[in-house]
Each structure stands twice: as C-alpha cells, then as structure tokens.
Amino acid sequence: MSSGIVFDIRKFSVHDGPGIRTAVFLKGCPLDCPWCHNPEGRDPRPAILRRAERCILCHACDKACPLGIDPRREAGGPACAACPDFGACARACPAESLQLVGRRMAVDELMQELRKDRPFYDDSGGGVTFTGGEPLSQPGFLGDLLDACRAEGIHTAVETSGYAKQSVVLDVAARTDLLLFDLKIIDGGKASEILGVDYGVCLGNLKEAARAAATGATTLAPRGSAPVIVRMPFIPGYNDSGEELAAVSDFVRAAGPGILGIHLLPYHSSARGKYKLWNIDYRLAALEAPDDAAIEAALAVLSAGGMPARKGG
Ligand code: SF4
Ligand code: SF4
C-alpha cells in the first residue's frame, strides 16, 4: 500500500459534500490562485511553521536537531534540506512554537483514523472528502485511499481543480463517488495568466468527467463514473461579471447531465491570518467580500438555464 503527504485532517465538515464528513488535505498544488485558503498546502513537501511568541526557551528542539542548527531561527529553512529526520525539532517542541505541517502517512494509518468517524458517516449520509492542495497531485496515494474506502463502504468525494492528465482524472472519477470540480475562471487564457498553469487542461477535464458520468458503467469504470458538482469560487474582480457567470452557466449546461449542479463559494478573507503566519504575500488584502445582493444576482444568472445553483460553504 502506498503512502503520501497529508497536511490536515478536519473532522465534522459539513461543507465538502453530503452529510458529516472528514476532510483529508493532501499536500501539493501546482495552481497559484490568489484567493487560496490553504497556502501552506501548495508546496508538496512537509514544512515547519515557526511561532516565536509561543517559545518557552526549553531548548528541546536544539537537542532533537541532528544537524545541530538553531531550530528557533532556521527550522524549515534551506539548511534543513539535508535533515535526516525532518521535523524532529517540531515533534520535540512542547509549546507548538515549531509545528510540522505535512507528514507522510500510509494508507492503513489514515484509514485507521477515518474509521473512527464511521458512525457519523452512517448516521448522516456522509463520508470522506479528499482535498488539498490538489489531491490529484498524489494520484497513487489518492487512488489507494479511494479503493480502501470503497472496500469498506465509506462514501468518498474528491475536490479538485482538474489539473492533471486526463487519464488520472478519469481514473479517480471511476474510483470515487462524487467529484467536486472547481471552475475558477471560464476564459482559459485569462485563467492561465492568473493561475500560472494551462487552465484549458482543467476545462477540458471537467467536460470529460461530466461526459464519463453521463455515460454510465464502462469496462474502465464498471461502477460508472462519479457525478460532478461544479464549485465556483466567487471572487470580485476576477470572475464576478455578468458575462463570466452567463458563460459558466452555458458551459456547465452544455457539459450535460453528468453535472448535478453548481455551488458558488463567495470570497471571504478568513485566510488572511494564515498568509501572515507563513509570511506569504496576500495579494487580495484589499479585496472586499461580495454582499448578499451580489451573491443572489450571481446565483440567478448561474441557474437561469435550469442548472441548480446554490451558495456553498
Ligand atoms: S528540520 Fe531537521 S535540521 Fe531542520 S531544524 Fe528541524 S531537526 Fe534541525
Ligand atoms: S522546543 Fe519549542 S519551546 Fe522549546 S526552545 Fe525550541 S521552539 Fe522554543
């Protein structure tokens, strides 16, 4: 069984698919969305967060460091690339002044954790949602996790930008129960400039995933391919114009019955603190969240062609 890098496990989520869910965050994402809520999840490698204000000067980290550097100043920095036990300093820190973000977990270890919430999945019609980061950036690990959940009858959802080889997207679609497919900006050229990848790949994969979901069972997907819910972050100045929303509505409708609906995710600035903690420039620092009237108007445009659209979490 494979292993992969997980940077968070959040229990009792009610915004990442049906029912009560456990959200598993896989590390690594090739996109550069300015509104990203998990900037610590972009780098595929584990990282160390330093919070000097919590330090109680116990020096446990110094003793744990195999390279003899000063973890309070340098943990997670360039010198740590040679560390034979990356994160030993953080594991030794009793004050969470040093925190390891991202650790390698085997499928079995993660399944043990997920099984603990089984009663909540069963009572609520919930399950497990794999998100990130971009979960498709660890395809082997993700596929094994999906198979392990399916073998135990645990419902799964995968939240993805769709930025991967088409074969990877369709393989995952055949092994999960629901795809939560981000649609960030409908104009592929504009999206590519902002997000730093060829966004046409994502749009093409969304169409293909919808087509596969509508086709039913095939040799490659004997249980059929997962239905798709489109999730659209709603970001003032980026994708909130009437033309943009109408084009999204047309695109989704044309993609066919494999798409169940659209969830609109209005921008909010709650990630600002994370950017500060990680010392990452937050490009949307001056952006105001859309008001209720703007959200309602957007939902009206998205649903005008008959596709169900609602505000998501
Ligand atoms: S990651 Fe390794 S080398 Fe770097 S400070 Fe921690 S224990 Fe030392
Ligand atoms: S182990 Fe943690 S609390 Fe102790 S000196 Fe190091 S950073 Fe500070």
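**Sheet and ligand sites**

Tutor: In this predicted model, strand β8 (residues 178–182) runs parallel to strand β9 (residues 228–234), and the two pair over 4 bridges.

Student: What makes β8 and β9 count as paired strands?

Tutor: Pairing requires at least two bridges found by DSSP. Strands β8 and β9 have 4 bridges, so they pair. Within β9, V230 is the bridge partner of F181.

Student: Why are β5 and β11 called edge strands?

Tutor: The open sheet has 9 strands in the order β5-β1-β2-β6-β7-β8-β9-β10-β11, with mixed pairing. Strands β5 (103–106) and β11 (309–311) each pair on one side only, so they are the edge strands. From one strand to the next, the twist averages 30°.

Student: Which strands does helix α12 touch as it packs on the sheet?

Tutor: Helix α12 (residues 292–302) touches β9, β10 (259–266) and β11. Touching here requires heavy atoms within 4.5 Å. The direction of α12 makes about 160° with that of β10.

Student: How do the residues of the shell around ligand 2 divide by class?

Tutor: They comprise 10 nonpolar, 2 polar and 1 charged. The closest residues are C55, C58, H59, C61 and C93; cysteine counts as nonpolar. The shell around ligand 1 has 11 nonpolar, 1 polar and no charged residues.

How values were computed:
Residues numbered from 1 in each chain as written. Chains lettered and ligands numbered in written order. Predicted model: local features only at pLDDT ≥ 70, side-chain atom pairs only at ≥ 80, totals over all residues. Heavy atoms only, no water. Near = heavy atom within 4 Å. Axes fitted to C-alpha atoms, helices over the stretch in contact; angles between N-to-C directions.
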